[in-house]
Amino acid sequence: MSLALGVDRSSPVPLYYQLAQQLEAAIERGALTPGSLLGNEIELAARLGLSRPTVRQAIQSLVDKGLLVRRRGVGTQVVHSQVRRPLELSSLYDDLEAAGQRPSSSVLVNTVVPASAEAAAALGVAEGDEVHRVERLRLTHGEPMAYLVNQLPAGLLDLDTGRLEATGLYRLLRSAGITLHSARQSIGARAASAPEAERLGESEGSPLLTMERVTFDDTGRAVEFGTHTYRPSRYSFEFQLLVRS
């Protein structure tokens with residue numbers, strides 16, 4: 001790492017924070033690219049005349065933000081910055097691909113099940129009617145970002161596992177001639193359960209972003225009910241607010 005780093009000892013800003021801000025700025029402007037190694041903590045501390053705990057604290061603050069990751073046997077590595085997703089009717093897969101995040105999916109469940117009361121109400125079917133349930137782990141650059149659960153009316157389209165892992169659900173809907181028109185969506189947050197934490201590489205009890213969405217086609221028919229969880233260190237929703245005169 002050949003960055004020009006330095007700290008101002010006369011500043012009231014803590015030394016670890018000064019270093020963390022410089023490293024974060026280097027990541028954001030592309031001077032530290034995803035996949036690059038940050039370097040040895042001892043060497044960095046010696047170079048800047050800082051204590052090793054100070055350097056470790058700076059690095060840990062960026063690990064907590066999701067900008068760095070510690071890999072055993074590899075070192076501290078730069079990862080992709082947080083994905084900011086606009087609140088509009090779009091596929092997570094398409095948004096990640098447009099952002100250069102190299103999305104991939106692992107399909108964990110792909111089956112037909114009786115509709116629960118919640119799914120039945122969302123999709124406008126009778127409780128107990130068959131619905132297609134798909135559960136996927138969405139990754140970017142091999143790192144888990146979101147766990148997606150989607151339920152659709154049975155027989156709506158062919159949900160082949162290979163196709164679901166190769167592309168996004170909304171692309172498959174459109175390729176089947178279904179025109180997506182609108183959605184009803186709610187966003188929340190809660191603590192990760194043990195299974196959720198294990199799937200997403202977080203600690204049990206860590207905060208997770210949640211999103212629930214019902215999507216409608218151009219005839220007003222509900223075609224998809226999604227309940228998703230996201231790692232907040234890697235993902236956020238972005239709002240644009242207009243002032244009403």
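Start by selecting Q18 and showing what surrounds it: leaving out residues up to four places away in sequence, Q18 touches V7, D8, S11 and V13. Keep in mind as you look that this is a predicted model. Q18 is part of helix α1. Is Q18 buried or exposed? It counts as buried, because its relative accessibility is 13% and the cut-off for buried is under 20%.

Next, select L5, L19, L23, L32, V55 and L68. These are the residues with the most contacts inside the largest nonpolar core, which has 20 residues. Now colour three helices: α1 (15-28), α2 (41-48) and α3 (52-64) each give at least two residues to this core. Which helix supplies the largest share? That's α1, with five residues.

Zoom in on V55 from that core. Setting aside neighbours within four places in sequence, V55 is in contact with L19, E41, L44, A45 and L50.

Then jump to a separate spot: V134, L152, Y170 and L180 are among the 14 residues of another core, which lies apart from the largest one.

Last stop: the strands. Select residues 68-71 for β1 and 75-78 for β2; the two run antiparallel and are joined by four bridges. Click R70 and look across to β2, where its bridge partner is T76. What sits between the strands of this hairpin? There are three residues there, and in this hairpin G73 takes a positive phi near 80°.

Note on methods: Residues numbered from 1 in each chain as written. Predicted model: local features only at pLDDT ≥ 70, side-chain atom pairs only at ≥ 80, totals over all residues. Heavy atoms only, no water. Core = buried A, V, L, I, M, F, W, Y, C linked by side-chain atoms within 4.5 Å. Buried < 20%, exposed > 50% of the residue type's maximum accessible area, 1.4 Å probe, protein only. Contact = heavy atoms within 4.5 Å. Pairing = 2+ DSSP bridges.
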